[in-house]
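Here are my notes on the model, point by point. Please read them with the structure open.

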Amino acid sequence: MNQKLPSKFLKKLRSILGKRNLLTEEEDLLSYSYDSSSLIRVPSAVALPERKEEVVEILRLAQEYKVPVISRGAGTATTGSSLAHRGGVIICFSKMNRILEFNEEERIVRVEPGVLNGELKSFLKKYGYFYPPDPASYAFSTIGGNVATGAGGPRGLKYGTTKDYVLALEVVLPGGKVLKTGASTLKCVVPYNLISLFVGSEGTLGVFTEIVLKVIPLPQKRILFVSVHKNEEEPLEIISELLRKKITPACAEFVDKTTVLALLKKGALETFKDKSFASLLYLELDGEGEALEREKNIVENFYRDLGISFKKAEEEREIENLWELRRNISPSLKLLGEKRFAEDVVVPRRFMKELLFRIRNIEKEEGLYISCFGHAGDGNFHVNILFDPADEKKALKIRERILKEVIELSGTISGEHGIGYLKRNFVNLELSPLQIEIMKKLKKVFDPDGILNPHIKIPE
Ligand SMILES: Cc1cc2nc3c(=O)[nH]c(=O)nc-3n(C[C@H](O)[C@H](O)[C@H](O)COP(=O)(O)OP(=O)(O)OC[C@H]3O[C@@H](n4cnc5c(N)ncnc54)[C@H](O)[C@@H]3O)c2cc1C
(Lines give C-alpha, C1' and ligand atoms only; values in the text may rest on other atoms or scores of the structure.)
Protein backbone atom coordinates (compact mmCIF):
# COMPACT_ATOMS: atom_id res chain seq x y z
CA MET A 1 0.00 0.00 0.00
CA ASN A 2 1.58 3.34 -0.92
CA GLN A 3 1.75 5.99 1.76
CA LYS A 4 -0.10 9.28 1.11
CA LEU A 5 2.16 12.33 1.03
CA PRO A 6 1.21 15.63 2.73
CA SER A 7 -0.60 17.81 0.16
CA LYS A 8 1.63 20.83 0.95
CA PHE A 9 4.70 18.68 0.23
CA LEU A 10 3.25 17.55 -3.10
CA LYS A 11 2.35 21.08 -4.07
CA LYS A 12 5.91 22.30 -3.38
CA LEU A 13 7.36 19.29 -5.19
CA ARG A 14 5.24 20.12 -8.23
CA SER A 15 6.50 23.68 -8.21
CA ILE A 16 10.11 22.35 -8.31
CA LEU A 17 9.58 19.80 -11.06
CA GLY A 18 6.59 21.02 -13.05
CA LYS A 19 3.64 18.77 -13.84
CA ARG A 20 5.45 16.77 -16.52
CA ASN A 21 8.25 15.56 -14.25
CA LEU A 22 6.21 14.56 -11.21
CA LEU A 23 4.17 11.36 -11.43
CA THR A 24 1.40 10.69 -8.93
CA GLU A 25 -1.20 8.74 -10.91
CA GLU A 26 -1.58 5.07 -9.93
CA GLU A 27 -0.95 3.77 -13.48
CA ASP A 28 2.32 5.75 -13.73
CA LEU A 29 3.46 4.71 -10.25
CA LEU A 30 3.01 1.03 -11.11
CA SER A 31 5.85 1.28 -13.64
CA TYR A 32 8.20 2.11 -10.75
CA SER A 33 6.83 -0.52 -8.36
CA TYR A 34 9.21 -3.33 -9.37
CA ASP A 35 12.87 -4.02 -10.03
CA SER A 36 14.56 -7.34 -10.85
CA SER A 37 13.64 -8.85 -7.50
CA SER A 38 10.20 -10.42 -7.28
CA LEU A 39 8.93 -7.63 -4.99
CA ILE A 40 6.21 -5.13 -5.86
CA ARG A 41 6.07 -1.85 -3.88
CA VAL A 42 4.12 1.09 -5.22
CA PRO A 43 5.76 4.48 -4.43
CA SER A 44 3.76 7.54 -3.36
CA ALA A 45 5.26 9.70 -6.13
CA VAL A 46 8.00 9.64 -8.75
CA ALA A 47 10.24 12.65 -9.46
CA LEU A 48 12.07 12.87 -12.79
CA PRO A 49 14.58 15.71 -12.30
CA GLU A 50 16.45 17.13 -15.28
CA ARG A 51 19.00 19.20 -13.33
CA LYS A 52 20.95 18.80 -10.10
CA GLU A 53 19.40 22.01 -8.69
CA GLU A 54 16.06 20.18 -8.72
CA VAL A 55 17.58 17.24 -6.81
CA VAL A 56 18.89 19.70 -4.20
CA GLU A 57 15.41 21.20 -3.79
CA ILE A 58 13.76 17.76 -3.54
CA LEU A 59 16.14 16.72 -0.76
CA ARG A 60 15.59 20.01 1.07
CA LEU A 61 11.86 19.44 0.97
CA ALA A 62 12.03 15.74 1.83
CA GLN A 63 14.07 16.52 4.92
CA GLU A 64 11.61 19.23 6.00
CA TYR A 65 8.62 16.85 5.70
CA LYS A 66 10.56 13.67 6.67
CA VAL A 67 9.50 11.94 3.48
CA PRO A 68 11.52 8.86 2.37
CA VAL A 69 13.58 9.36 -0.81
CA ILE A 70 14.55 6.40 -2.96
CA SER A 71 17.05 6.94 -5.79
CA ARG A 72 16.51 4.89 -8.92
CA GLY A 73 18.49 4.36 -12.10
CA ALA A 74 17.04 1.72 -14.41
CA GLY A 75 15.51 -0.45 -11.66
CA THR A 76 17.51 -3.59 -12.56
CA ALA A 77 18.58 -4.25 -8.95
CA THR A 78 17.95 -7.85 -7.91
CA THR A 79 17.50 -7.07 -4.20
CA GLY A 80 14.58 -4.62 -3.99
CA SER A 81 16.99 -1.72 -3.36
CA SER A 82 15.36 0.69 -5.82
CA LEU A 83 11.83 0.28 -4.43
CA ALA A 84 9.81 2.42 -2.02
CA HIS A 85 9.09 -0.21 0.62
CA ARG A 86 6.74 1.88 2.76
CA GLY A 87 5.91 4.73 0.43
CA GLY A 88 7.96 7.84 -0.34
CA VAL A 89 9.29 9.60 -3.41
CA ILE A 90 11.36 7.79 -5.98
CA ILE A 91 13.89 10.06 -7.72
CA CYS A 92 14.46 8.44 -11.09
CA PHE A 93 17.52 9.64 -12.98
CA SER A 94 16.44 8.71 -16.50
CA LYS A 95 16.39 12.39 -17.54
CA MET A 96 19.81 13.21 -16.06
CA ASN A 97 21.68 11.19 -18.63
CA ARG A 98 24.34 13.47 -20.12
CA ILE A 99 28.01 12.71 -20.65
CA LEU A 100 29.39 16.03 -19.43
CA GLU A 101 33.09 15.73 -20.22
CA PHE A 102 35.65 13.37 -21.68
CA ASN A 103 39.24 14.39 -21.05
CA GLU A 104 41.57 12.19 -23.05
CA GLU A 105 44.75 13.62 -21.53
CA GLU A 106 43.55 12.85 -17.99
CA ARG A 107 41.73 9.68 -19.12
CA ILE A 108 38.62 10.63 -17.20
CA VAL A 109 34.97 11.02 -18.01
CA ARG A 110 32.38 13.06 -16.04
CA VAL A 111 28.78 11.91 -16.29
CA GLU A 112 25.33 12.41 -14.87
CA PRO A 113 24.01 9.35 -12.99
CA GLY A 114 21.37 8.36 -15.55
CA VAL A 115 23.86 7.57 -18.35
CA LEU A 116 23.57 3.90 -19.30
CA ASN A 117 26.73 1.86 -18.88
CA GLY A 118 26.35 0.58 -22.47
CA GLU A 119 25.97 4.13 -23.83
CA LEU A 120 29.15 5.19 -22.07
CA LYS A 121 30.97 2.17 -23.51
CA SER A 122 29.80 3.03 -27.08
CA PHE A 123 30.74 6.70 -26.63
CA LEU A 124 34.26 5.84 -25.42
CA LYS A 125 34.79 3.20 -28.11
CA LYS A 126 34.68 5.95 -30.77
CA TYR A 127 37.84 7.40 -29.17
CA GLY A 128 39.50 4.00 -28.57
CA TYR A 129 38.77 4.05 -24.81
CA PHE A 130 37.07 1.66 -22.47
CA TYR A 131 35.11 1.68 -19.20
CA PRO A 132 35.62 -1.93 -18.04
CA PRO A 133 32.94 -2.63 -15.38
CA ASP A 134 30.42 -4.73 -17.27
CA PRO A 135 27.45 -6.07 -15.30
CA ALA A 136 25.50 -8.43 -17.56
CA SER A 137 22.84 -5.68 -17.42
CA TYR A 138 25.28 -3.10 -18.89
CA ALA A 139 23.09 -2.33 -21.90
CA PHE A 140 20.23 -1.14 -19.69
CA SER A 141 21.61 -0.27 -16.23
CA THR A 142 22.83 3.22 -15.27
CA ILE A 143 26.20 4.44 -14.04
CA GLY A 144 24.48 5.92 -10.95
CA GLY A 145 22.97 2.50 -10.14
CA ASN A 146 26.29 0.78 -10.91
CA VAL A 147 28.15 3.07 -8.50
CA ALA A 148 25.48 2.73 -5.82
CA THR A 149 25.61 -1.07 -5.99
CA GLY A 150 29.35 -1.34 -6.64
CA ALA A 151 28.53 -3.36 -9.77
CA GLY A 152 30.92 -5.95 -11.10
CA GLY A 153 30.76 -8.33 -14.02
CA PRO A 154 32.73 -10.91 -15.98
CA ARG A 155 35.67 -8.55 -16.52
CA GLY A 156 36.16 -8.09 -12.76
CA LEU A 157 38.89 -10.73 -12.75
CA LYS A 158 41.32 -8.68 -14.84
CA TYR A 159 39.97 -5.14 -14.60
CA GLY A 160 38.31 -4.92 -11.18
CA THR A 161 34.84 -3.57 -10.50
CA THR A 162 33.14 -0.17 -10.28
CA LYS A 163 35.00 0.69 -7.06
CA ASP A 164 38.27 0.73 -9.02
CA TYR A 165 37.08 3.43 -11.45
CA VAL A 166 35.23 6.06 -9.37
CA LEU A 167 37.48 9.09 -8.79
CA ALA A 168 35.06 11.76 -7.63
CA LEU A 169 31.40 12.17 -6.75
CA GLU A 170 28.95 14.99 -6.28
CA VAL A 171 26.45 13.85 -3.69
CA VAL A 172 23.30 15.58 -2.45
CA LEU A 173 22.53 14.94 1.22
CA PRO A 174 19.22 15.26 3.09
CA GLY A 175 18.44 18.93 3.56
CA GLY A 176 19.91 19.73 0.14
CA LYS A 177 23.58 20.04 1.16
CA VAL A 178 25.94 19.27 -1.75
CA LEU A 179 29.03 17.23 -0.91
CA LYS A 180 31.86 16.99 -3.42
CA THR A 181 34.25 14.18 -2.62
CA GLY A 182 37.32 12.64 -4.22
CA ALA A 183 39.18 14.51 -6.99
CA SER A 184 39.42 14.42 -10.78
CA THR A 185 42.95 13.09 -10.41
CA LEU A 186 44.24 9.54 -10.38
CA LYS A 187 45.43 9.89 -6.78
CA CYS A 188 43.84 11.49 -3.72
CA VAL A 189 44.18 10.65 -0.02
CA VAL A 190 42.78 13.80 1.59
CA PRO A 191 42.06 12.75 4.38
CA TYR A 192 39.37 9.99 4.61
CA ASN A 193 38.24 8.12 1.52
CA LEU A 194 34.52 8.77 1.34
CA ILE A 195 34.33 7.44 -2.22
CA SER A 196 34.71 3.86 -1.02
CA LEU A 197 31.91 4.50 1.47
CA PHE A 198 29.56 5.78 -1.23
CA VAL A 199 30.36 3.05 -3.77
CA GLY A 200 27.94 0.27 -2.89
CA SER A 201 25.91 2.45 -0.49
CA GLU A 202 22.67 1.64 -2.38
CA GLY A 203 21.23 5.15 -2.06
CA THR A 204 21.29 5.05 1.75
CA LEU A 205 23.95 7.73 2.36
CA GLY A 206 23.38 10.29 -0.39
CA VAL A 207 22.13 10.89 -3.92
CA PHE A 208 24.73 11.11 -6.71
CA THR A 209 24.31 13.90 -9.22
CA GLU A 210 27.72 13.75 -10.93
CA ILE A 211 30.28 10.98 -11.23
CA VAL A 212 33.91 11.17 -12.41
CA LEU A 213 35.30 7.88 -13.71
CA LYS A 214 38.69 6.66 -14.80
CA VAL A 215 38.81 5.13 -18.29
CA ILE A 216 41.50 3.08 -20.03
CA PRO A 217 42.53 2.40 -23.64
CA LEU A 218 40.36 -0.20 -25.37
CA PRO A 219 42.18 -3.55 -25.72
CA GLN A 220 42.85 -4.11 -29.42
CA LYS A 221 41.76 -7.68 -29.67
CA ARG A 222 39.98 -10.40 -27.77
CA ILE A 223 39.91 -14.18 -28.08
CA LEU A 224 37.21 -16.36 -26.56
CA PHE A 225 37.55 -20.04 -25.62
CA VAL A 226 34.44 -22.00 -24.64
CA SER A 227 35.40 -25.42 -23.32
CA VAL A 228 33.13 -28.35 -22.40
CA HIS A 229 33.73 -30.66 -19.44
CA LYS A 230 32.47 -34.09 -18.43
CA ASN A 231 33.52 -33.48 -14.85
CA GLU A 232 31.54 -30.56 -13.41
CA GLU A 233 34.26 -29.04 -11.26
CA GLU A 234 37.05 -29.28 -13.88
CA PRO A 235 36.63 -25.62 -15.01
CA LEU A 236 37.29 -24.46 -11.45
CA GLU A 237 40.56 -26.40 -11.38
CA ILE A 238 41.50 -24.96 -14.79
CA ILE A 239 40.99 -21.36 -13.64
CA SER A 240 43.32 -21.89 -10.69
CA GLU A 241 45.90 -23.64 -12.88
CA LEU A 242 45.91 -20.84 -15.50
CA LEU A 243 46.28 -18.19 -12.82
CA ARG A 244 49.25 -20.14 -11.49
CA LYS A 245 50.69 -19.95 -15.02
CA LYS A 246 50.50 -16.11 -14.58
CA ILE A 247 47.67 -15.74 -17.10
CA THR A 248 44.93 -13.33 -16.13
CA PRO A 249 41.96 -13.87 -18.44
CA ALA A 250 39.68 -10.87 -18.99
CA CYS A 251 36.79 -13.17 -18.04
CA ALA A 252 36.47 -16.70 -16.68
CA GLU A 253 32.82 -17.65 -16.50
CA PHE A 254 31.62 -21.00 -15.18
CA VAL A 255 28.39 -22.71 -16.25
CA ASP A 256 27.48 -25.55 -13.88
CA LYS A 257 25.58 -28.82 -14.38
CA THR A 258 22.14 -27.53 -13.33
CA THR A 259 22.47 -24.49 -15.60
CA VAL A 260 23.57 -26.75 -18.48
CA LEU A 261 20.36 -28.74 -17.92
CA ALA A 262 18.27 -25.54 -18.13
CA LEU A 263 20.07 -24.48 -21.34
CA LEU A 264 19.48 -27.96 -22.80
CA LYS A 265 15.76 -27.75 -21.99
CA LYS A 266 15.64 -24.32 -23.65
CA GLY A 267 17.33 -25.74 -26.79
CA ALA A 268 20.09 -23.17 -26.35
CA LEU A 269 23.02 -25.59 -26.81
CA GLU A 270 22.57 -26.22 -30.53
CA THR A 271 26.08 -24.96 -31.25
CA PHE A 272 27.47 -28.14 -29.57
CA LYS A 273 27.11 -31.44 -31.51
CA ASP A 274 27.85 -33.64 -28.50
CA LYS A 275 25.75 -32.34 -25.64
CA SER A 276 26.79 -34.90 -23.06
CA PHE A 277 28.83 -32.52 -20.91
CA ALA A 278 28.40 -31.42 -17.31
CA SER A 279 29.79 -27.89 -17.38
CA LEU A 280 31.23 -25.10 -19.54
CA LEU A 281 34.00 -22.58 -19.11
CA TYR A 282 34.08 -19.23 -20.91
CA LEU A 283 37.61 -17.91 -20.99
CA GLU A 284 38.26 -14.60 -22.70
CA LEU A 285 41.73 -13.18 -23.28
CA ASP A 286 42.34 -9.63 -24.45
CA GLY A 287 45.26 -7.38 -25.29
CA GLU A 288 47.45 -7.09 -28.33
CA GLY A 289 50.45 -8.37 -30.23
CA GLU A 290 52.89 -10.94 -28.93
CA ALA A 291 51.62 -10.85 -25.36
CA LEU A 292 48.15 -11.92 -26.44
CA GLU A 293 49.55 -14.57 -28.81
CA ARG A 294 51.62 -15.99 -25.97
CA GLU A 295 48.59 -16.29 -23.69
CA LYS A 296 46.53 -17.84 -26.49
CA ASN A 297 49.20 -20.49 -27.10
CA ILE A 298 49.49 -21.34 -23.42
CA VAL A 299 45.71 -21.84 -23.11
CA GLU A 300 45.46 -23.84 -26.35
CA ASN A 301 48.34 -26.13 -25.43
CA PHE A 302 47.05 -26.57 -21.91
CA TYR A 303 43.60 -27.62 -23.18
CA ARG A 304 45.09 -29.98 -25.78
CA ASP A 305 47.38 -31.63 -23.20
CA LEU A 306 44.37 -32.28 -20.97
CA GLY A 307 42.27 -33.55 -23.91
CA ILE A 308 39.63 -30.84 -23.36
CA SER A 309 37.30 -29.98 -26.27
CA PHE A 310 36.78 -26.30 -26.92
CA LYS A 311 35.51 -23.72 -29.38
CA LYS A 312 37.73 -20.74 -30.13
CA ALA A 313 36.47 -17.44 -31.56
CA GLU A 314 38.62 -14.52 -32.69
CA GLU A 315 36.14 -12.54 -34.81
CA GLU A 316 33.87 -10.10 -32.97
CA ARG A 317 30.64 -11.55 -34.41
CA GLU A 318 31.61 -15.12 -33.55
CA ILE A 319 32.61 -14.03 -30.03
CA GLU A 320 29.30 -12.25 -29.48
CA ASN A 321 27.34 -15.29 -30.76
CA LEU A 322 29.01 -17.48 -28.17
CA TRP A 323 28.39 -14.93 -25.39
CA GLU A 324 24.72 -14.91 -26.42
CA LEU A 325 24.48 -18.43 -25.01
CA ARG A 326 25.77 -17.14 -21.65
CA ARG A 327 23.17 -14.35 -21.76
CA ASN A 328 20.47 -17.02 -22.26
CA ILE A 329 21.08 -18.45 -18.81
CA SER A 330 18.73 -16.22 -16.86
CA PRO A 331 15.61 -16.86 -19.01
CA SER A 332 16.43 -20.60 -19.28
CA LEU A 333 16.41 -21.08 -15.51
CA LYS A 334 12.65 -20.47 -15.47
CA LEU A 335 12.29 -23.95 -16.97
CA LEU A 336 13.56 -25.48 -13.71
CA GLY A 337 11.37 -23.46 -11.34
CA GLU A 338 8.82 -20.70 -11.65
CA LYS A 339 10.42 -18.61 -8.90
CA ARG A 340 13.98 -18.13 -7.70
CA PHE A 341 16.14 -16.74 -4.95
CA ALA A 342 19.18 -15.25 -6.67
CA GLU A 343 22.31 -14.97 -4.53
CA ASP A 344 25.68 -13.60 -5.59
CA VAL A 345 28.05 -15.07 -3.08
CA VAL A 346 31.84 -15.00 -3.20
CA VAL A 347 34.33 -17.39 -1.64
CA PRO A 348 38.13 -17.42 -1.87
CA ARG A 349 38.99 -19.20 -5.13
CA ARG A 350 40.52 -22.12 -3.25
CA PHE A 351 37.09 -22.92 -1.75
CA MET A 352 35.00 -22.73 -4.93
CA LYS A 353 35.07 -26.51 -5.48
CA GLU A 354 34.13 -27.13 -1.87
CA LEU A 355 31.19 -24.71 -2.07
CA LEU A 356 29.97 -26.35 -5.27
CA PHE A 357 30.23 -29.76 -3.61
CA ARG A 358 28.21 -28.58 -0.58
CA ILE A 359 25.57 -26.98 -2.80
CA ARG A 360 25.18 -30.20 -4.81
CA ASN A 361 24.63 -32.09 -1.55
CA ILE A 362 21.95 -29.61 -0.48
CA GLU A 363 20.33 -29.92 -3.93
CA LYS A 364 20.19 -33.71 -3.56
CA GLU A 365 18.89 -33.63 0.01
CA GLU A 366 16.21 -30.99 -0.58
CA GLY A 367 15.12 -31.97 -4.09
CA LEU A 368 15.11 -28.44 -5.58
CA TYR A 369 17.31 -27.33 -8.48
CA ILE A 370 20.17 -25.00 -7.51
CA SER A 371 22.13 -23.43 -10.34
CA CYS A 372 25.58 -22.11 -9.57
CA PHE A 373 27.08 -20.22 -12.50
CA GLY A 374 28.97 -16.97 -12.83
CA HIS A 375 32.19 -15.06 -12.47
CA ALA A 376 34.14 -17.97 -11.08
CA GLY A 377 37.43 -16.30 -11.99
CA ASP A 378 37.03 -14.13 -8.90
CA GLY A 379 35.19 -16.68 -6.76
CA ASN A 380 31.79 -15.08 -7.42
CA PHE A 381 29.01 -17.64 -7.95
CA HIS A 382 25.49 -16.66 -8.93
CA VAL A 383 23.56 -19.21 -6.91
CA ASN A 384 19.92 -19.48 -7.97
CA ILE A 385 17.54 -21.57 -5.88
CA LEU A 386 14.74 -22.50 -8.28
CA PHE A 387 11.32 -23.43 -6.98
CA ASP A 388 7.60 -23.48 -7.59
CA PRO A 389 5.47 -21.28 -5.27
CA ALA A 390 4.41 -24.26 -3.10
CA ASP A 391 8.09 -24.83 -2.16
CA GLU A 392 8.88 -21.28 -1.03
CA LYS A 393 9.46 -22.22 2.63
CA LYS A 394 11.87 -24.97 1.63
CA ALA A 395 13.70 -22.55 -0.70
CA LEU A 396 14.06 -20.02 2.14
CA LYS A 397 15.61 -22.67 4.35
CA ILE A 398 18.01 -23.67 1.57
CA ARG A 399 19.02 -20.06 1.07
CA GLU A 400 19.97 -19.64 4.71
CA ARG A 401 21.88 -22.94 4.66
CA ILE A 402 23.88 -21.86 1.61
CA LEU A 403 24.69 -18.42 3.02
CA LYS A 404 25.94 -20.08 6.22
CA GLU A 405 28.16 -22.41 4.19
CA VAL A 406 29.58 -19.37 2.36
CA ILE A 407 30.46 -17.64 5.63
CA GLU A 408 32.00 -20.87 6.95
CA LEU A 409 34.23 -20.92 3.87
CA SER A 410 35.48 -17.35 4.62
CA GLY A 411 33.24 -15.87 1.93
CA THR A 412 30.80 -12.99 1.67
CA ILE A 413 27.03 -13.02 1.00
CA SER A 414 27.20 -10.42 -1.79
CA GLY A 415 29.99 -9.68 -4.25
CA GLU A 416 28.21 -7.21 -6.53
CA HIS A 417 24.39 -7.15 -6.39
CA GLY A 418 24.22 -5.57 -2.93
CA ILE A 419 22.07 -6.22 0.11
CA GLY A 420 18.93 -4.23 -0.61
CA TYR A 421 15.76 -5.40 1.08
CA LEU A 422 16.02 -9.13 0.45
CA LYS A 423 19.34 -9.78 2.16
CA ARG A 424 19.34 -7.25 4.99
CA ASN A 425 18.43 -9.81 7.61
CA PHE A 426 21.31 -12.07 6.57
CA VAL A 427 23.92 -9.36 7.17
CA ASN A 428 24.13 -10.53 10.82
CA LEU A 429 25.53 -13.83 9.57
CA GLU A 430 28.59 -12.03 8.22
CA LEU A 431 29.15 -8.93 10.35
CA SER A 432 29.82 -8.64 14.07
CA PRO A 433 27.55 -6.51 16.32
CA LEU A 434 30.39 -3.95 16.50
CA GLN A 435 30.59 -3.68 12.69
CA ILE A 436 26.83 -3.22 12.45
CA GLU A 437 26.83 -0.61 15.22
CA ILE A 438 29.53 1.41 13.39
CA MET A 439 27.56 1.20 10.13
CA LYS A 440 24.40 2.43 11.85
CA LYS A 441 26.36 5.39 13.26
CA LEU A 442 27.81 6.17 9.82
CA LYS A 443 24.33 6.17 8.31
CA LYS A 444 23.27 8.72 10.96
CA VAL A 445 26.17 11.04 10.07
CA PHE A 446 24.91 11.38 6.50
CA ASP A 447 21.19 10.86 7.05
CA PRO A 448 20.25 11.71 10.67
CA ASP A 449 16.49 11.27 10.14
CA GLY A 450 16.77 8.08 8.10
CA ILE A 451 14.94 9.36 4.99
CA LEU A 452 17.33 7.91 2.37
CA ASN A 453 16.27 4.48 1.15
CA PRO A 454 15.06 3.39 4.57
CA HIS A 455 14.23 -0.31 5.11
CA ILE A 456 17.20 -1.65 3.16
CA LYS A 457 20.82 -2.66 3.68
CA ILE A 458 21.27 -2.46 7.46
CA PRO A 459 19.53 -5.15 9.54
CA GLU A 460 16.48 -4.03 11.54
C1 LIG B 1 19.78 -9.58 -16.34
C2 LIG B 1 20.56 -8.92 -15.21
C3 LIG B 1 21.91 -9.15 -15.11
C4 LIG B 1 22.65 -8.55 -14.09
N5 LIG B 1 23.99 -8.79 -14.03
C6 LIG B 1 24.74 -8.17 -13.10
C7 LIG B 1 26.16 -8.38 -13.06
O8 LIG B 1 26.73 -9.13 -13.85
N9 LIG B 1 26.85 -7.71 -12.12
C10 LIG B 1 26.24 -6.85 -11.24
O11 LIG B 1 26.93 -6.24 -10.42
N12 LIG B 1 24.91 -6.67 -11.24
C13 LIG B 1 24.15 -7.28 -12.14
N14 LIG B 1 22.79 -7.08 -12.16
C15 LIG B 1 22.16 -6.24 -11.13
C16 LIG B 1 21.94 -4.76 -11.54
O17 LIG B 1 21.86 -4.61 -12.94
C18 LIG B 1 23.05 -3.87 -10.99
O19 LIG B 1 22.96 -3.85 -9.59
C20 LIG B 1 23.04 -2.43 -11.50
O21 LIG B 1 24.19 -1.77 -11.01
C22 LIG B 1 21.81 -1.62 -11.10
O23 LIG B 1 21.75 -0.44 -11.89
P24 LIG B 1 20.38 0.34 -12.12
O25 LIG B 1 20.65 1.54 -12.93
O26 LIG B 1 19.34 -0.56 -12.64
O27 LIG B 1 20.05 0.77 -10.64
P28 LIG B 1 18.70 0.58 -9.79
O29 LIG B 1 18.28 -0.83 -9.79
O30 LIG B 1 17.71 1.58 -10.23
O31 LIG B 1 19.23 0.99 -8.34
C32 LIG B 1 20.17 0.19 -7.69
C33 LIG B 1 20.61 0.89 -6.40
O34 LIG B 1 21.28 2.10 -6.74
C35 LIG B 1 20.69 3.21 -6.08
N36 LIG B 1 20.84 4.37 -6.96
C37 LIG B 1 20.49 4.45 -8.27
N38 LIG B 1 20.81 5.68 -8.74
C39 LIG B 1 21.39 6.36 -7.73
C40 LIG B 1 21.91 7.69 -7.58
N41 LIG B 1 21.94 8.56 -8.59
N42 LIG B 1 22.39 8.06 -6.37
C43 LIG B 1 22.39 7.22 -5.31
N44 LIG B 1 21.90 5.96 -5.39
C45 LIG B 1 21.41 5.54 -6.58
C46 LIG B 1 19.27 2.77 -5.83
O47 LIG B 1 18.68 3.47 -4.75
C48 LIG B 1 19.45 1.30 -5.51
O49 LIG B 1 19.84 1.14 -4.18
C50 LIG B 1 22.01 -7.70 -13.15
C51 LIG B 1 20.64 -7.46 -13.26
C52 LIG B 1 19.92 -8.07 -14.27
C53 LIG B 1 18.46 -7.79 -14.36
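1. H1 and H3 are roughly antiparallel to each other, because an angle over 145 degrees counts as such and theirs is about 170 degrees. This is a predicted model. H1 covers residues 7–17 and H3 covers residues 52–65. Their axes lie 10 Å apart.

2. Which residues of H1 and H3 make the contact? H1 supplies Lys8, Phe9, Lys12, Leu13, Ile16 and Leu17. H3 supplies Glu54, Glu57, Ile58, Leu61, Ala62, Glu64 and Tyr65. By type, the contact of H1 with H3 holds 8 nonpolar residues, 5 charged and no polar.

3. Turn next to the ligand. Ser71 places a backbone N or O atom 2.6 Å from an oxygen atom of the ligand. Thr142 uses its side chain: an N or O atom there is 2.6 Å from an oxygen atom of the ligand. For Glu202, a backbone N or O atom lies 3.0 Å from an oxygen atom of the ligand.

4. Asp134 deserves a look. Its place is the loop between strand S7 (129–130) and helix H5 (143–149). Is Asp134 buried or exposed? Its relative accessible area is 7%, so Asp134 is buried; the cut-off is under 20%. The side chain of Asp134 makes a polar contact of 3.1 Å with the side chain of Arg155. Beyond its neighbours within four places in sequence, Asp134 also touches Lys121, Gly152, Gly153 and Pro154, among others.

5. Val212 sits in strand S10 (residues 207–214). Val212 counts as buried because its relative accessibility is 5%, under the 20% limit. In sequence, Val212 and Ile108 are 104 residues apart. In space, their C-alpha atoms are 6.7 Å apart.

6. Which residues of helix H8 are buried? In this helix (residues 234–244), they are Pro235, Leu236, Ile238, Ile239, Ser240 and Leu242. Their cover includes strands S12 (221–229), S13 (251–255), S14 (279–287) and S18 (380–387). Helices H10 (289–306) and H13 (352–366) are also part of that cover. Just after H8, check the backbone at Lys246, where phi is positive, about 70 degrees.

Terms used
Residues are numbered from 1 along each chain as its sequence is written. This is a predicted model: local features need pLDDT of at least 70, side-chain atom pairs count only at pLDDT 80 or more; totals for chains, interfaces and linings use all residues. Side-chain values use heavy atoms; hydrogens and water are left out. Axes are lines fitted to C-alpha atoms, for helices over the stretch in contact, and angles run from 0 to 180 degrees between N-to-C directions. Helices (H or I, at least four residues) and strands (E, at least two) are DSSP runs, numbered from the N terminus. Angles under 35 degrees count as roughly parallel, over 145 as roughly antiparallel, 65 to 115 as roughly perpendicular and the rest as oblique. Contact means heavy atoms within 4.5 Å. Ala, Val, Leu, Ile, Met, Phe, Trp, Tyr, Cys and Pro count as nonpolar, Asp, Glu, Lys and Arg as charged, and the others, Gly among them, as polar. Buried means under 20% relative accessible area, exposed over 50%, partly exposed in between (1.4 Å probe, protein chains only). A polar contact is a pair of N or O atoms within 3.5 Å; within protein, one must be able to donate a hydrogen and the other to accept it, and residues adjacent in sequence count only if both atoms are side-chain atoms.
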